[in-house]
Amino acid sequence: MTLGTILNKLPGRTSSKPASSVQGWIPIEDIDQYHMSRRDKWHISAIRVYPKNVDLLSLRERNNLVQSLREVVNGLPTHYQFFCVGRPVDLDGYIAHLEQLKANTKDSIRKKILSSQIKEAAQTAISGEALETLFFILFASLNKNELLEQVKQILIDMKNKGLNGYILDHKELMDMNFVFTHPVQAAFERMPEDTRDFIPPQLLNPERMKLNG
């Protein structure tokens, strides 16, 4: 399920005439610290949940984990959706390390091996074959302050049950949207640091842009 489908299914989203531009198609109007604002005035906040390898757990530990998740979900006080998305693994650091090893070695055979590994890693990064799956829980409410307080309490309840995660801030919300809107670029680059008031792809909040001149 795509991010656009999930955002549309959250409460308050109504159908409208098909948009003629990307800006009109994306329901998000603005992204601020710890929340997104939709065009219909609903606010979205998100928690990234760290995955656990259940194969490393005993049967009793698995059952306890499932029961803990059930208790957390049953206690959720607001509207929510689960969102999973694959993001290409950032191999820049690994490639840079190999290039440094190649530059420091005088062995011609080793240089050829390192060159082959660098080429293979670069092709893997560009193709997007090396993926990590990100797990999020999205929450929606018309009251922004109430939403943020609820999400904080939900995160505390999760951690008390042994479920680790964190609330997405402005940059991480932008990054989540960048992975969705730019799947090809996300295979070999991260979201631009200097996005200012633009939400990729070039979606902006006119009111905030006026305030910032």
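## Largest pocket

The lining of the largest pocket divides into 15 nonpolar residues, 2 polar and 1 charged. The model is predicted. The pocket has a volume of about 380 Å³. Of its 18 lining residues, Val49, Tyr50, Pro51, Leu69 and Leu163 are the closest to the centre.

A general point on method applies here. Rolling a probe the size of a water molecule over the atoms shows where empty space is left.

## Overall build

The chain has 213 residues, and 36% of them count as buried. Its secondary structure comes to 8 helices and 8 strands.

Contacts with a separation of 6 or more are 70% between residues 24 or more positions apart. The accessible surface is about 13,000 Å². Carbon and sulfur atoms hold 53% of that surface.

## Aromatic pairs

How many aromatic pairs are there? The count comes to 3. Two of them follow, Tyr50 with Tyr166 and Phe83 with Phe136.

In the pair of Tyr50 and Tyr166, the ring centres are 5.7 Å apart. The planes meet at 50°, so the pair is tilted. Tyr50 sits in the loop between strand 3 (43-49) and helix 3, while Tyr166 belongs to strand 6 (residues 165-167). The pair therefore ties together parts that are 116 residues apart in sequence. Tyr50 is partly exposed, at a relative accessible area of 41%. Tyr50 is also among the residues closest to the centre of the largest pocket.

Phe83 and Phe136 have ring centres 6.0 Å apart. Their planes are at 25°, so this pair is stacked. Phe83 lies in strand 4 and Phe136 in strand 5. The two are 53 residues apart, and the pair links distant parts of the chain. Are these residues buried or exposed? Phe83 is buried, with a relative accessible area of 2%. Phe136 also counts as buried, at 5%.

## Helix residues

Glu99 is part of helix 4 (residues 92-104). Glu99 is partly exposed, with a relative accessible area of 43%. Its C-alpha lies 7.6 Å from that of Leu114, a residue 15 positions away in sequence.

Lys159 is in helix 6 (residues 144-160). Its relative accessibility is 46%, so Lys159 counts as partly exposed. Leaving aside residues up to four places away in sequence, Lys159 touches Asn164 and Gly165. Its C-alpha is separated by 10.0 Å from that of Val72, which is 87 residues away along the chain.

## Positive phi in loops

Most residues other than glycine have a negative phi, and most peptide bonds are trans. Which phi value does Tyr34 take? Phi of Tyr34 is near 70°, a positive value in a residue other than glycine. Tyr34 lies in the loop between strand 1 (28-32) and strand 2 (35-38). Tyr34 is partly exposed, with a relative accessible area of 37%.

Lys41 also has a positive phi, near 75°. Lys41 is found in the loop between strand 2 and strand 3. Its relative accessible area is 52%, and the cut-off for exposed is over 50%, so Lys41 is exposed.

Technical notes
Residues numbered from 1 in each chain as written. Predicted model: local features only at pLDDT ≥ 70, side-chain atom pairs only at ≥ 80, totals over all residues. Heavy atoms only, no water. Helix = DSSP H or I, 4+ residues; strand = E, 2+ residues; numbered from the N terminus. Buried < 20%, exposed > 50% of the residue type's maximum accessible area, 1.4 Å probe, protein only. Contact = heavy atoms within 4.5 Å. Areas by Shrake-Rupley, 256 points an atom, 1.4 Å probe, with all protein chains shown as cover. 1 Å grid on protein atoms, 1.4 Å probe; cavity = no way out; pocket = protein on both sides within 12 Å on 5 of 7 lines; lining within 4 Å. Points joined across faces, edges and corners; volume = space filled by probe spheres on them. Nonpolar A, V, L, I, M, F, W, Y, C, P; charged D, E, K, R; others polar. Phe/Tyr/Trp six-rings, centres within 6.5 Å; stacked < 30°, edge-to-face > 60°.
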